[in-house]
Amino acid sequence: MKTVSVTEFRGNIKKYLDIAESEKLVIHRSKGRSFVVIPLEEEDDECLLSDKQKIAIDEALEDVANDKVHSHQDVMEETKKRFPHLFNR
């Protein structure tokens, strides 16, 4: 694992992204949090979603399983009623 300052990283981004291909790179801010740079393919997909997003997805999947869904046509009709100005362009 390699650690660099924000200033060093900013001045040599390509060099440090190349390093991050093979090892974890920590970017340290003197007056703040530090960050880890790794290739996106190695990132755990669950870390890309917030807890709020995960809960919303779980609730939506539960609604689908319990047949609590609306057709596209029904949603479009309701949307046109509520927001007609969006369809008069």
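Here are a few friendly questions and answers about this predicted model.

Me: Which residues make up the largest nonpolar core, and how many are there in all?
Reply: In soluble globular proteins, nonpolar side chains tend to be buried together. Here the largest such core is made up of Val 4, Phe 9, Tyr 16, Ile 19, Ala 20, Leu 25, Ile 27 and Val 37. That makes eight residues in all.

Me: Which element gives this core its largest share?
Reply: Two elements, α2 (13-20) and β2 (25-28), each supply at least two residues of the core. The largest share is three residues, and it comes from α2.

Me: Which residues does Val 4 touch, not counting those up to four places away in sequence?
Reply: Val 4 is itself part of the largest nonpolar core. Leaving out residues up to four places away in sequence, Val 4 touches Phe 9, Tyr 16, Leu 25, Val 26, Ile 27 and His 28.

Me: Are the rings of Phe 9 and Tyr 16 stacked, edge-to-face or tilted?
Reply: The structure holds one aromatic pair. The ring centres of Phe 9 and Tyr 16 are 6.5 Å apart, and their planes meet at 40°. Planes under 30 degrees apart would count as stacked and over 60 as edge-to-face, so this pair is tilted.

Me: Is Ile 57 buried, partly exposed or exposed?
Reply: Ile 57 sits in helix α3 (residues 51-65), and together with Leu 49 and Leu 61 makes a nonpolar surface patch of about 260 Å². Buried means under 20% relative accessible area and exposed means over 50%. The value for Ile 57 is 41%, so this residue is partly exposed.

Key:
Residues are numbered from 1 along each chain as its sequence is written. This is a predicted model: local features need pLDDT of at least 70, side-chain atom pairs count only at pLDDT 80 or more; totals for chains, interfaces and linings use all residues. Side-chain values use heavy atoms; hydrogens and water are left out. Patches are made of residues with over 30% relative accessible area and no salt bridge: like charges are joined within 9 Å, nonpolar side chains (Val, Leu, Ile, Met, Phe, Trp, Tyr) within 5 Å. Accessible areas come from the Shrake-Rupley method with a 1.4 Å probe; for residues, only the protein chains shown count as cover. A salt bridge is a side-chain nitrogen of Lys or Arg within 4 Å of a carboxyl oxygen of Asp or Glu. Helices (H or I, at least four residues) and strands (E, at least two) are DSSP runs, numbered from the N terminus. Buried means under 20% relative accessible area, exposed over 50%, partly exposed in between (1.4 Å probe, protein chains only). A nonpolar core is a set of buried Ala, Val, Leu, Ile, Met, Phe, Trp, Tyr and Cys residues joined through side-chain atoms within 4.5 Å. Contact means heavy atoms within 4.5 Å. Rings of Phe, Tyr and Trp (its six-membered ring) pair if their centres lie within 6.5 Å; planes under 30 degrees apart count as stacked, over 60 as edge-to-face and the rest as tilted.
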